[in-house]
Amino acid sequence: ISAYAVSGSFPVGVAKYLTWKTTSYGRVLTSTHHLWSMPLVLSQLRGYGGAAAARCPVTGEGLAWSYAVTLCNVALSRALLPMKARQG
């Protein structure tokens, strides 16, 4: 979304559907959770000690697993997306 604001195009293309004329306003509105959910979660974790790993509920191992699962989800989503949807 940031790249689109600067360049007017989506370099990866996964959010391209937001600019389609057939995309409803409700769908665009519900897609905004990608912009605010992670900052909200991270701001709430600051209350658990931030850098103090002993008091933080997110461990390094848990964060690594989270990244691995996210990477797999992104790769599968990209691979399984129908060609028609990729072309917009």
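A: Let's start with the overall layout: along the sequence, the pattern reads α-α-α-α-α. That comes to 5 helices and 0 strands, where helices (H or I, at least four residues) and strands (E, at least two) are DSSP runs numbered from the N terminus. Keep in mind that this is a predicted model, where local features need pLDDT of at least 70, side-chain atom pairs count only at pLDDT 80 or more, and totals for chains, interfaces and linings use all residues. Residues are numbered from 1 along each chain as its sequence is written, and side-chain values use heavy atoms, with hydrogens and water left out.

Now for Thr-23, which sits in the loop between helix H1 (2-7) and H2. Its relative accessible area is 16%, so Thr-23 is buried (buried means under 20% relative accessible area, exposed over 50%, partly exposed in between, using a 1.4 Å probe and protein chains only). A polar atom of the Thr-23 side chain lies 2.4 Å from the backbone oxygen of Tyr-17. Skipping residues up to four places away in sequence, Thr-23 touches Tyr-17, Leu-18 and Val-28; contact here means heavy atoms within 4.5 Å.

Next along is Ser-31, in the loop between helix H2 (25-30) and helix H3 (33-45). Ser-31 counts as buried because its relative accessibility is 13%. Its side chain has a polar atom 2.8 Å from the backbone oxygen of Arg-27. Tyr-17 and Leu-18 turn up here too: Ser-31 is in contact with both, leaving aside neighbours within four places in sequence.

Step into helix H3 and you find Ser-37. This serine is partly exposed, since its relative accessible area is 23%. The Ser-37 side chain reaches the backbone oxygen of His-33 at 2.7 Å.

Helix H3 also holds Trp-36, which is partly exposed at 48% relative accessible area. Together with Leu-35 and Leu-40, Trp-36 makes a nonpolar surface patch of about 330 Å².

Zooming back out, buried residues make up 8% of the 88 residues in the protein, and Thr-23 is one of the buried ones. The protein exposes about 7400 Å², with carbon and sulfur atoms supplying 66% of it.

Conventions. A polar contact is a pair of N or O atoms within 3.5 Å; within protein, one must be able to donate a hydrogen and the other to accept it, and residues adjacent in sequence count only if both atoms are side-chain atoms. Patches are made of residues with over 30% relative accessible area and no salt bridge: like charges are joined within 9 Å, nonpolar side chains (Val, Leu, Ile, Met, Phe, Trp, Tyr) within 5 Å. Accessible areas come from the Shrake-Rupley method with a 1.4 Å probe; for residues, only the protein chains shown count as cover. A salt bridge is a side-chain nitrogen of Lys or Arg within 4 Å of a carboxyl oxygen of Asp or Glu.
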